[in-house]
Amino acid sequence: MEIIRDWGLPSLPMEGLCGGAAECGTCHVFVSPDWMARLHPARDDEEAQLDMLPAASAASRLSCQILWDESLDGLEVTLAPVSG
Ligand code: FES
């Protein structure tokens, strides 16, 4: 979430309103199928927040819960609609 926000994509703002506490869903992204299995599983609090997002799918993650390390270099995500 911080990487996306720091890049400042002007037409697709990454709000991150809760600061990464998995409480707002404004950092919702869709992870490309090739990458989904390479991420650590979502915790219960992330799953609970995703369940409240109308646009969520099996490819959904909260980007604030994806912990960056070099193994994720090249990770492909699509920002979800602002409405969730
Ligand atoms: S920043 Fe709020 S859920 Fe990710």
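## Largest pocket and overall fold

The largest pocket has a volume of about 380 Å³. Closest to its centre, of the 15 lining residues, are Met-1, Ile-3, Ile-4, Trp-68 and Leu-75. A pocket here is an open set of points on a 1 Å grid over the protein atoms alone, where a 1.4 Å probe fits, with protein on both sides within 12 Å along at least five of seven lines; lining residues have an atom within 4 Å of a point. The volume is the space filled by probe spheres set on the points, which are joined across faces, edges and corners. Helix 1 (residues 2–7) gives the largest share of the lining, four residues. By type, the lining holds twelve nonpolar residues, two polar and one charged.

The model is predicted: local features need pLDDT of at least 70 and side-chain atom pairs pLDDT 80 or more, while totals for chains, interfaces and linings use all residues. Residues are numbered from 1 along each chain as its sequence is written, and side-chain values use heavy atoms, without hydrogens and water.

The chain has three helices and three strands, in the order α-β-α-α-β-β. These are DSSP runs, helices (H or I) of at least four residues and strands (E) of at least two, numbered from the N terminus. Of the 84 residues, 35% are buried, meaning under 20% relative accessible area; exposed is over 50% and partly exposed in between (1.4 Å probe, protein chains only).

| Residue | Relative accessible area | Class |
|---|---|---|
| Cys-18 | 25% | partly exposed |
| Cys-24 | 23% | partly exposed |

The whole structure contains zero disulfides, a disulfide being a pair of cysteine sulfur atoms within 2.5 Å.

Definitions and conventions: Nonpolar A, V, L, I, M, F, W, Y, C, P; charged D, E, K, R; others polar.
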